[in-house]
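Dear colleague,

Please find below the structure that I am handing over to you. My notes on what was found in it follow directly after it.

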Amino acid sequence: MPERPHPFDATAHLDGLNPEQREATEHFEGPILVLAGAGSGKTRVLTARICHLIREHGVPPDRILAVTFTNKAAGEMRDRIARLLGAQPAGMWVGTFHAIGARLLRRHADRLGWDRTFTILDADASLRLVKKIQDSVGLDPRKWNPKAIRAELSNAKNQLVDAEAFARDNEGSFDLFVRNVAKVFGPYQKALRDQNSFDFDDLLMKPVELFEGSPELQRRYSERFAFVLVDEYQDTNHAQFRFLELLSADHGNLMVVGDDDQSIYGWRGADIRNILDFEKAFPGARVVRLERNYRSTQRILDAANAVIAENVDRKGKTLRTERAGGEGITLVETFDETDEARWIVGDIQARYERTPGSAYRDFAVLYRTNAQARALEDAFRREGIPYQVIGSVRFYERREIQDVLAYLRLISNPRDAVAFDRVVNYPRRGVGATSQQRLVRWAADSGISLLEAASRAEEATDIPRGATRGLQAFAVLVQRYSVRATQVGVGELLEELIEELGLVRELTEEGPDGEDRARNVAELVAGAVDFDLELVDSVTEEDLDAFTELDLFLQQVALVADVDKLDPDADTVTLMTLHNAKGLEFPVVYIGGLEDGLFPLARAYDEPAELEEERRLFYVGITRAEDKLSLSWARQRRRAGDFTYGTLSPFVDAIPGQLREERTSDRLRLISTSTPHRRRPRFREQTDAYFDPEPDYAVDQDQPLYAKGERVLHQTFGSGAVVEVTGFGSDLKVTVDFDDVGRKKLLVRYANLEKDWTA
């Protein structure tokens with residue numbers, strides 16, 4: 001298809017369409033559902049149909065509304081239509097649900113009691129307002145997390161439940177949390193109106209309220225937009241569904257394009273029933289299936305088709321392609337997350353070096369949770385391969401990680417004012433902004449550091465007594481850990497600090513993303529422990545004499561920051577969660593962490609709908625690959641600070657054996673041939689933890705698994721003899737005299753020790 005067709009070429013938009021695409025494009029009036037499989041050209045169909053309506057049927061562009069889910073997608077759609085038409089489609093509305101809602105409210109907000117010059121609160125401003133309302137109604141933010149309350153408000157609005165209905169529905173609830181949300185909801189909405197503001201959820205809810213409250217206005221816009229087209233329909237929530245229903249009520253000319261097999265956002269309000277029940281909501285709807293894939297090889301599609309066929313709640317379709325054959329799907333069993341990361345990085349480098357014309361941007365590594373990025377980033381940095389993390393900030397730049405690192409920096413350097421400012425009141429210890437400002441002034445006048453000023457806060461006469469107690473407690477904590485840093489490794493130091501601060505509990509109470517943040521902190525601990533174990537390979541004796549392990553760990557993290565400043569346009573490997581990979585494609589794709597309980601997440605077994613969404617997420621990952629797909633899993637992995645023992649995800653079992661090339665990592669083969677066979681661990685269903693019937697550490701200190709004098713092997717330190725066993729359960733420690741590096745004290749659950757059967 002030419003890049004810029006002649007304006008008078010009335011059929012240019014039809015060039016190259018396959019029969020199914022053409023059928024959807026030429027559909028004129030009435031509802032239509034286009035089930036567009038991965039890589040089937042859905043965006044082309046949407047833009048082609050808009051051009052067909054304008055050129056073939058003479059529909060004025062200002063009678064057309066096209067709805068997308070991202071601003072980027074909206075911009076790309078406008079550009080494609082302009083190229084096909086040879087001119088901009090004047091008057092046509094193209095935008096996200098939020099953008100279109102804001103546009104409507106700009107015109108009619110006065111009907112709802114707002115001025116049309118309203119402002120839109122971003123997430124941070126909305127959260128600050130929630131906190132303010134909590135204070136006004138007597139809900140302590142330390143007990144009732146504002147983020148969790150804000151998340152519940154958002155969910156209610158997306159279900160079109162207003163403050164009055166929420167209060168009415170929950171006034172007799174046994175759930176104290178939702179009763180407290182009801183106390184906030186009404187005052188929060190009143191404050192928004194008093195400030196002439198909307199939050200982002202209002203941009204979806206209020207247009208529905210506008211149309212339902214004014215039938216005349218609803219008819220006007222239904223007539224104005226005689227044709228409505230929607231992309232990514234499988235991701236719509238109830239508010240979005242109702243908005244489309246009202247907008248197309250008078251003519252029924254609604255075209256929705258989506259893939260029920262790629263509905264992966266149920267956790268944030270998307271309702272898969274919107275696409276599954278489309279024909280019920282819009283009787284007489286036409287259904288067109290786009291099953292021809294233009295992206296992947298047939299082997300990859302055969303795997304994807306086999307996986308998704310396990311789901312029950314789906315419309316049903318089978319992807320096919322003209323790209324017959326292709327490389328087999330590699331399935332690799334590895335020892336642990338570090339071994340897995342090293343295998344992935346090694347395979348990328350080998351492919352890069354042996355394939356003429358290849359680029360790092362051809363490779364993508366996908367994973368289920370953000371916490372998995374830590375081991376991967378470490379492996380890429382170690383080998384000097386450029387990479388970028390998409391969809392979220394890099395591991396060491398995430399807020400929760402920066403908070404913990406600020407503590408460590410202040411422990412290492414008590415004069416670090418930036419670190420002090422970041423964590424002096426985190427977790428909350430009663431030191432408000434005003435008290436902090438007064439402390440800064442007094443420290444400057446006295447010529448002392450902020451930490452010293454905090455320890456002497458009672459001398460500053462204008463700092464309240466409560467803030468003084470908080471400042472002094474903070475100073476004592478930091479000073480105590482500064483001494484501790486000279487006595488223990490950074491991994492042990494960090495574990496003790498996080499436990500004392502209660503950070504895991506603090507993070508998990510934050511709402512939907514709190515558990516992920518807590519897992520990230522646990523991964524930081526794992527990284528610090530790894531640093532402990534690898535010291536012998538990374539520093540000199542002079543370094544060890546001059547610095548604490550904490551100093552050296554912080555130096556390593558600071559160097560990582562330089563790597564993170566790579567040009568975003570540089571040739572880099574892409575790392576991202578499977579959720580963030582949706583809509584993208586790469587020649588070579590790796591999906592890691594395919595252990596039962598991690599993918600699918602263990603909690604998904606509690607609800608069939610959640611398990612099916614997890615399987616759809618795997619399907620999305622598989623269909624990102626164009627030429628080569630590799631899958632990997634680990635026999636054991638550190639999760640939430642503890643070792644978990646893995647079995648292969650049942651999702652992988654659905655892939656026919658003839659499509660898979662099964663391998664084991666070099667390290668796992670070495671371990672398997674040098675140690676006796678162990679019975680494989682099992683997964684305990686419907687929990688978030690694994691258990692091992694033959695644990696590596698004793699659960700009873702009277703029956704230690706490691707005996708004094710026996711020989712053990714460590715992957716870094718080599719062979720040695722156990723000289724002391726202390727603690728029990730997850731706190732079991734062994735002291736080992738290694739033949740090459742001397743005496744080391746190790747936490748068994750992190751040490752990966754093996755019996756030295758050759759001794």
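Which residues in H1 meet which residues in H2? On the H1 side they are Gln21, Ala24, Thr25 and Glu26, and on the H2 side they are Val45, Ala48, Arg49 and His52. By class, this contact of H1 with H2 has 3 nonpolar, 3 polar and 2 charged residues. Before I continue, please note that this is a predicted model.

**Overall composition**

The chain holds 31 helices and 22 strands. It has 759 residues, of which 55% count as buried. Among contacts with a separation of 6 or more, 73% are between residues 24 or more positions apart.

**Two helix pairs**

Two packed helices are described by the angle between their axes and the distance between the axes. For helix H1 (residues 19-26) and helix H2 (residues 42-55), the axes come within 8 Å and cross at roughly 45°. H1 and H2 are therefore oblique to each other, and H1 passes H2 in a right-handed crossing.

The second pair consists of helix H4 (residues 97-108) and helix H11 (residues 238-247), whose axes come within 12 Å and cross at roughly 55°. H4 and H11 are therefore also oblique to each other, with a left-handed crossing. H4 contributes Phe97, Ile100 and Leu104 to the contact, while H11 contributes Gln240, Phe243 and Leu244. By class, the residues of the contact of H4 with H11 comprise 5 nonpolar, 1 polar and no charged.

**Arg295 and helix H14**

Arg295 is located in the loop between strand S8 (286-290) and helix H14 (298-308). Is Arg295 buried or exposed? Its relative accessible area is 9%, and buried means under 20%, so Arg295 is buried. The side chain of Arg295 makes a polar contact with the side chain of Glu585, at 2.9 Å. Apart from neighbours within four places in sequence, the residues in contact with Arg295 are Ala38, Gly39, Arg323, Leu584, Glu585, Thr623, Arg624, Ala625 and Glu626.

Helix H14 itself is mostly covered, with 9 of its 11 residues buried. These buried residues are Gln298, Ile300, Leu301, Ala303, Ala304, Asn305, Ala306, Val307 and Ile308. Against which elements do the buried residues of H14 pack? They pack against strand S9 (329-334), helix H28 (608-622), strand S14 (625-634) and helix H29 (650-653).

Leu160 is found in the loop between helix H6 (146-158) and helix H7 (163-170). Although Leu160 is not a glycine, it has a positive phi of about 65°. Leu160 is partly exposed, with a relative accessible area of 25%. Leaving aside neighbours within four places in sequence, Leu160 is in contact with Met205, Val208, His238, Ala239 and Arg242. Leu160 and Asn237 are separated by 77 residues in sequence, yet they are 9.8 Å apart in space, C-alpha to C-alpha.

Glu232 likewise is not a glycine and has a positive phi, of about 50°. This residue lies in the loop between strand S6 (227-230) and H11. Glu232 has a relative accessibility of 17% and counts as buried.

**Lys183**

Helix H8 (residues 176-194) contains Lys183. Lys183 is partly exposed, at 46% relative accessible area. In sequence, Lys183 and Val137 are 46 residues apart; in space, the distance between them is 7.2 Å, C-alpha to C-alpha.

**Cis peptide bonds**

Where in the chain does Pro427 lie? Pro427 is in the loop between helix H18 (417-423) and helix H19 (433-446). The peptide bond from Tyr426 to Pro427 is cis, with omega near -10°. A cis peptide bond also joins Phe599 and Pro600, where omega is about 5°. Pro600 is found in the loop between strand S13 (586-591) and H28.

With kind regards

Methods
Residues are numbered from 1 along each chain as its sequence is written. This is a predicted model: local features need pLDDT of at least 70, side-chain atom pairs count only at pLDDT 80 or more; totals for chains, interfaces and linings use all residues. Side-chain values use heavy atoms; hydrogens and water are left out. Axes are lines fitted to C-alpha atoms, for helices over the stretch in contact, and angles run from 0 to 180 degrees between N-to-C directions. Helices (H or I, at least four residues) and strands (E, at least two) are DSSP runs, numbered from the N terminus. Angles under 35 degrees count as roughly parallel, over 145 as roughly antiparallel, 65 to 115 as roughly perpendicular and the rest as oblique. A crossing is left-handed if the near helix is turned anticlockwise from the far one by less than a right angle, and right-handed if clockwise. Contact means heavy atoms within 4.5 Å. Ala, Val, Leu, Ile, Met, Phe, Trp, Tyr, Cys and Pro count as nonpolar, Asp, Glu, Lys and Arg as charged, and the others, Gly among them, as polar. Buried means under 20% relative accessible area, exposed over 50%, partly exposed in between (1.4 Å probe, protein chains only). A polar contact is a pair of N or O atoms within 3.5 Å; within protein, one must be able to donate a hydrogen and the other to accept it, and residues adjacent in sequence count only if both atoms are side-chain atoms.
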